[in-house]
Amino acid sequence: MNIYLAGDSIVQNYTEEEFIAGWGQYLKYYVTPDTKIFNCAKGGRSSRLFLNEGRFDKIDESIQAGDYLLIEFCHNDDSSKGYSIMFSCHINILLYEPFE
């Protein structure tokens with residue numbers, strides 16, 4: 001059996017030097033030794049970008065009946081908008097005083 005993974009930084013493999021890990025790189029500890037895992041996840045990808053880059057097409061070329069495809073995309077950050085916007089929103093919420 002083969003398991004294909006599609007996703008973003010939450011799923012992808014990292015090196016030991018990066019001091020971070022995606023859950024996809026630990027999946028091998030929870031399956032039988034004859035199961036092959038193909039982690040196609042790439043950080044910073046949305047499902048739309050994954051499609052537009054042809055990453056699902058590459059999986060489609062290899063996946064067979066009886067194989068599994070696990071998909072997870074999580075919107076946990078957006079560096080294009082900067083962290084200051086997110087921080088400002090949190091400050092406004094914390095400073096909000098309801099009407100009495």
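Three strands form an open sheet in the order β2-β1-β3, with parallel pairing. Strands here are DSSP E runs of at least two residues, helices are H or I runs of at least four, and both are numbered from the N terminus. Two strands count as paired if DSSP finds at least two bridges between them. The model is predicted: local features need pLDDT of at least 70, side-chain atom pairs count only at pLDDT 80 or more, and totals for chains, interfaces and linings use all residues. Residues are numbered from 1 along each chain as its sequence is written, and side-chain values use heavy atoms, with hydrogens and water left out.

Axes are lines fitted to C-alpha atoms, for helices over the stretch in contact, and angles run from 0 to 180 degrees between N-to-C directions. Strands of a sheet pair through backbone hydrogen bonds, either parallel or antiparallel.

Take the pairing of β1 and β3. These strands run in the parallel sense over five bridges. L5 has L70 in β3 as its bridge partner. Helix α2, residues 55-62, packs on the sheet and touches β1 and β3. Contact means heavy atoms within 4.5 Å. The direction of α2 makes about 175° with that of β1.

Y68 is found in strand β3. At 46% relative accessibility, Y68 is partly exposed. The scale is this: buried is under 20% relative accessible area, exposed is over 50%, and partly exposed lies in between, with a 1.4 Å probe and protein chains only. Leaving aside residues up to four places away in sequence, Y68 touches M1, N2, I3, Y4 and I63. Its C-alpha atom is separated by 9.5 Å from that of I37, 31 residues apart along the chain.

Now the aromatic rings. The structure holds four aromatic pairs. Rings of Phe, Tyr and Trp (its six-membered ring) pair if their centres lie within 6.5 Å; planes under 30 degrees apart are stacked, over 60 edge-to-face, and the rest tilted. One of the pairs is Y4 with F38, stacked at 4.9 Å centre to centre and 15° between the planes. This pair links distant parts of the chain: Y4 sits in β1 and F38 in β2, 34 residues apart. Y4 is buried, at 6% relative accessible area, whereas F38 is partly exposed at 34%. F50 and F56 form an edge-to-face pair, 4.7 Å centre to centre with 65° between the planes. Both F50 and F56 are buried. Ring pairs link F50, F56 and F73 into a cluster.

Finally, a loop residue. N13 is found in the loop between β1 (2-7) and β2 (36-39). Its relative accessible area is 43%, so N13 is partly exposed. Which residues does N13 touch, not counting those up to four places away in sequence? They are G24, Q25 and N39. The side chain of N13 makes a polar contact with the side chain of N39 at 2.9 Å. A polar contact is a pair of N or O atoms within 3.5 Å; within protein, one must be able to donate a hydrogen and the other to accept it, and residues adjacent in sequence count only if both atoms are side-chain atoms. A polar atom of the N13 side chain also lies 3.4 Å from the backbone nitrogen of Q25. The C-alpha atoms of N13 and W23, ten residues apart along the chain, are separated by 8.0 Å.
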